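Please look over the structure shown here. The report below takes up its contacts topic by topic.

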Amino acid sequence: MKQYTVALVAIAVMLHGRSSTSLLAQSNDPACQDRTLVSTGGQFPRNPQTLAVRWTGFSNFELAYKGQVILLDAYFDRGSIFPSLGFKAADIKRANVILIGHGHHDHMSDAASVAIRTGAVVVGAALTAEKLLAQKVDPKQVRSVTGTGTGHEELKFQYFTVQPILGRHGAPPPDIVAPFNQALQRTTPRPTPEQSAEQLTIRARGISDPRVVSEGTIAYLITLDDGFRIMYRDSGGPVTEYEKAAMAKVERVDIAIGAIPASVLPALTSQQALEYIRTYKPDVYMPAHHDGSINELWRATEPIFQTLKDENPKIVTISKGYREPTCFDTTKRSLIR
Ligand SMILES: [Zn+2]
């Protein structure tokens, strides 16, 4: 019955002609099924034109393409109040580039240790770069960017380029967030003293400078060598003029990875996601920053997906479990626009 349903869906897609689903690689390649990160010893896709994307909690993603591993954010050892990601920061043995969206601990706490072990280049705003240097990352590996260079800061790597773009950190309304947090504190397990101490240690590996909001949050436009584009945005703040200017040049991206704000109510989180898809015009939207600890809510993805599909019925929304791969055929880009 299930196979029958799948076949019907396939026929429906064909009848509608060109569809964004053609972007997804139809592959029995183990690298597109295995939950082992490439950075912890998993395989690269066999086909060099296949991009494998894995979510690993909060705004962490791994992109594997043509023998290169790109890590988006680095917050893996989150402590025992979080669900396990199935690996530790120390398991990461391979990474070429680490892009840090901003320097709060839940985005960069493992960036320094992973960079030191792998030799990866780490990119971030000045505030982030300062913290990396204070954690003894070799200055030769650190790239400090402003995101205001309107393309002049573009970083060139083997098989891809990265354009840093100044974004803005989310600022969820306190009159909504505070009552929810109070209710959660009353009704969920309190961290033990050991767990609280553990959290303090993790927090110390990030920054809490108020300037993060306006000058420390960087969106990254990643362009693969065949023109396939990914926009990465690790905090759910509003779109900036810099992002609009960058998008005016490239018009659209293939994948937008966008953080869900902490504003709790789907009416608000959906509006932010809508602004992202109207700006980035992706074929595929992948949410970020939506899981939580034992005393937090996960941020709902389905209401957002529905709002995006009401606006653009062709958009493909993808949200999987930790480490589950999604493979993209990067050559299909031209067929879907
Ligand atoms: Zn933050």
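## Salt bridge of Arg233 and Glu243

In this predicted model, Arg233 and Glu243 form a salt bridge, with 3.0 Å between the closest N and O atoms. Arg233 belongs to strand β10 (residues 229-233) and Glu243 to helix α8 (residues 241-250), so the bridge ties together parts ten residues apart in sequence.

## Other salt bridges

The structure holds twelve salt bridges. One of them pairs the side chains of Arg252 and Asp254, at 2.9 Å from N to O. Arg252 has a relative accessibility of 15% and counts as buried. Asp254 is also buried, at 1%.

Another salt bridge brings together the side chains of Arg278 and Glu311, at 2.7 Å from N to O. Arg278 sits in helix α9 (residues 266-280) and Glu311 in helix α10, so this pair links parts 33 residues apart in sequence. Arg278 is partly exposed, with 45% relative accessibility. Glu311 is partly exposed as well, at 38%. Shared partners also matter for the count of networks: Arg252, Asp254 and Asp283 are joined into one network by salt bridges that share partners.

## The disulfide

There is one disulfide in the structure. Cys32 is joined to Cys327, with an S to S distance of 2.0 Å. The angle about the S-S bond is -90 degrees, and the link is left-handed.

## The zinc site

Which residues coordinate the zinc ion? The donors are His102 through NE2, His104 through ND1 and His169 through NE2, at 2.1 to 2.2 Å. Along the chain, the donors follow the spacing H-x1-H-x64-H. His102 counts as buried, because its relative accessibility is 0%.

## A nonpolar surface patch

Phe180, Leu265, Leu268 and Leu297 make a nonpolar surface patch of about 310 Å². Leu297 is placed in the loop between β12 (284-288) and α10 (302-311). With a relative accessible area of 45%, Leu297 is partly exposed.

Conventions: Residues are numbered from 1 along each chain as its sequence is written. This is a predicted model: local features need pLDDT of at least 70, side-chain atom pairs count only at pLDDT 80 or more; totals for chains, interfaces and linings use all residues. Side-chain values use heavy atoms; hydrogens and water are left out. Patches are made of residues with over 30% relative accessible area and no salt bridge: like charges are joined within 9 Å, nonpolar side chains (Val, Leu, Ile, Met, Phe, Trp, Tyr) within 5 Å. Accessible areas come from the Shrake-Rupley method with a 1.4 Å probe; for residues, only the protein chains shown count as cover. A salt bridge is a side-chain nitrogen of Lys or Arg within 4 Å of a carboxyl oxygen of Asp or Glu. Helices (H or I, at least four residues) and strands (E, at least two) are DSSP runs, numbered from the N terminus. Buried means under 20% relative accessible area, exposed over 50%, partly exposed in between (1.4 Å probe, protein chains only). Donors are N, O and S atoms within 2.8 Å of the metal (3.2 Å for Na, K and Ca); water is not among the atoms, so sites may look incomplete. A disulfide is a pair of cysteine sulfur atoms within 2.5 Å.
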